[in-house]
Amino acid sequence: MKKILSKYSLFLVATVLLWLKTYIVYNLAFDIELENKMESFILFINPLSSVLLFLGFSLFASPKLRNRMIVLVSLIGSFILFANVVYYREFTDFITIPLLFQTNNMADLGSSITSLIHPTDVLLFADVLVMAVALPFLKLKTYQVKKKEIALVFATAITMFAVNVGLAETERPQLLTRTFDREMLVKYIGTFNYHVYDAVLQSKAKAQRAFADGSEIVDIENYVRANHEEPDPKMFGIAKDKNVVLISMESLQNFVINEKVNGQEITPFLNDLVKDSYYFPNFYHQTAQGKTSDSEFILENSMYGLPSGAVFFTHAGNQFPNASPKMMGENGYYSAVFHPNNKSFWNRDVMYDSLGYNKFYDIDSFSVTPENSIGWGLKDEYFFDQSVKYLKTLPEPYYAKYITLTNHFPFSLKQEDEIIPEWNSEDGTVNRYFTTVRYMDESIKKFFERLKEEGMYEDSIFILYGDHYGISENHNEAMSKFLGKEITPYESAQLQKVPLFIHIPGQKGKVMDQVAGQIDLKPTIMHLLGIDTKNTIKFGNDLFAKNQDNFVIFRDGGFVTKDYVYTKSTCYNADGTEAEDKSVCEPYADRAKTELEYSDKIIYGDLLRFLGNEQNQTGKVNNE
Ligand code: GP9
Ligand code: MN
């Protein structure tokens, strides 16, 4: 044992130093929020697997070079830390490969780089310097490394990684498949592993993009053109040059609208809004793993999210020339997003640039205190209230997107904010849901009142929609009790309805009962503003067009039409009974498949970069 220890002394010392140094950097240079002891523990162990793995490679070097390799690997590791520390000082974010190559980011960094490097940063290299200087004097013996020993190092690294990911998964299920946030990835799997993960993700996207060519978009353009519905001339341009306020209502499902719990209304404000808005009770969310970010993507591009992961994360470097903020920008609009969360959550800071947003008011624009926050952060009421001062300063007409937060799982609320008491089933999540929904409803009501007081209401149109479900299928028992019916797969599909309101001050209300989805929002909004979408790529259709296709596709290939619901490989009639003749669903299933494939193709191949350039089949021009 002693012999092994002395043989590997430099390797072991370098491992411990780089490990501890990374941990110290986490604590001193990054602002990583830890919610419990388990998270602190994960943070502590997470550098170890990659440190062992990287340093392990130096063991393959010849005995003469080995110690120098160990020092070199430590130097590279320290440099990665140093680069992240400097980058974090400017961007409060971790380096991601495409970001590094985005010229504007590097230029930002370039001009201020000297002020971002602190003299104490030298300490990041202190141990490596000491090792390098001491190396010639240490007279470490050259030695042969046995294959078995190398195998042991790698086995330990892999085991550590498995333990790390295992623990992280218990804290954050689907961490790696869903990709939430760089901060979370660093917190749960460590900086080095995060960089490897990022590199894999980016290379996959790069490869798919490289193999794509301009001819692929032609079929898709034809398909889209064939499905285009002309807007109703009475509605086209009705809100031209008005401000647009879009409110994403977190986890709001349609089943609470005009419903009561314990005899009390759950959404009194929204119920009133039904009366003087276009209200769509058969409107579905179409999100998948990317949750809120998927809903944002779908409704601003009229394309589908991806089958796994979040487009916001995996393909933020794509070109989105038809994204609604961009199209509105070309029509004189100023666009802004309000969301009181970390800007890097769902990679929003990067993606919003790609979508053409002018401004993102993230958590740093808000004053968040323990009194005004709960769960995920700033309470909706304060969020809306604090946003108004910014909204006032936006150049008009503006497009302002609001993303609420309070009605997010686990639906926590302070007692003083409970307007209606929790429900009384066995299921705490469902019980609390009604109470937080009621809270959100009240916050939106106050926001509307405030805008009216400030004279900011008349000149705007309002679009309010639920981003995705809040109550998953794990809560079917309580849901079945609430709805008074069994939750079959057919009912589960019905529960994917989220409310949509299009509120145009001065216009009467109307219930629009067609089957529709988030994919239809972009053409609908554009046409209200008098912006044509005929020559853009889109998979949805104007909800005011005379012709409605009454067809909504779910990300898993399921769909809903006026007559059928297809979900979990079963074809149902509109009344919930199983269709006797399954083939009635087939043509729709085929169309769903085609549309999803087309949308995926665009995203994987970054095909919109070829728009207007279809004759260029090699992809060489306009490739960047
Ligand atoms: C986070 C918020 C909620 O910023 O959008 O995300 P979700 O978990 O609903 O996707
Ligand atoms: Mn959400």
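Me: In this predicted model, how far does a polar side-chain atom of T292 lie from an oxygen atom of ligand 1?

Reply: The distance is 2.6 Å. Polar side-chain atoms of two further residues also lie beside oxygen atoms of ligand 1: that of E250 at 3.1 Å and that of W346 at 3.0 Å.

Me: How much of the area that ligand 1 exposes when taken alone does the protein bury?

Reply: Taken alone, ligand 1 exposes 300 Å², and the protein buries 97% of that area.

Me: Which residues are around ligand 1, and how do they divide into nonpolar, polar and charged?

Reply: The residues around ligand 1 include K291, H339, N341, F345, R348, W376, L405, H408 and H468, together with E250, T292 and W346. The shell divides into 4 nonpolar, 5 polar and 3 charged residues.

Me: Where does UniProt place the domain "Sulfatase N-terminal"?

Reply: The unreviewed UniProt entry places this domain at residues 242-531. Over that span the chain is 34% helix and 17% strand, with the end C-alpha atoms 12 Å apart.

Me: In which sense do strands β11 and β12 pair, parallel or antiparallel?

Reply: Strand β11, residues 460-466, pairs with strand β12, residues 500-503, in the antiparallel sense over 4 bridges. As one example, L464 has F501 in β12 as its bridge partner.

Me: Which residues does the UniProt annotation "transmembrane region" cover?

Reply: The annotation, from an unreviewed entry, covers residues 9-29, 41-62, 69-88, 116-138 and 150-168. Residues 9-29 are 100% helix, and their end C-alpha atoms lie 29 Å apart. The span 69-88 is likewise 100% helix, with its end C-alpha atoms 28 Å apart.

Me: In which helix is A83 found, and why does A83 count as partly exposed?

Reply: A83 is found in helix α4, which comprises residues 63-91. A83 counts as partly exposed because its relative accessibility is 23%, and that class lies between the cut-offs of 20% and 50%. A83 and F94 are 11 residues apart in sequence, while their C-alpha atoms are 9.2 Å apart in space.

Conventions: Residues numbered from 1 in each chain as written. Chains lettered and ligands numbered in written order. Predicted model: local features only at pLDDT ≥ 70, side-chain atom pairs only at ≥ 80, totals over all residues. Heavy atoms only, no water. UniProt positions renumbered as here; feature names shortened; annotations may be inferred. Helix = DSSP H or I, 4+ residues; strand = E, 2+ residues; numbered from the N terminus. Near = heavy atom within 4 Å. Polar contact = N/O pair within 3.5 Å; in protein donor to acceptor, adjacent residues only side chain to side chain. Areas by Shrake-Rupley, 256 points an atom, 1.4 Å probe, with all protein chains shown as cover. Nonpolar A, V, L, I, M, F, W, Y, C, P; charged D, E, K, R; others polar. Buried < 20%, exposed > 50% of the residue type's maximum accessible area, 1.4 Å probe, protein only. Pairing = 2+ DSSP bridges.
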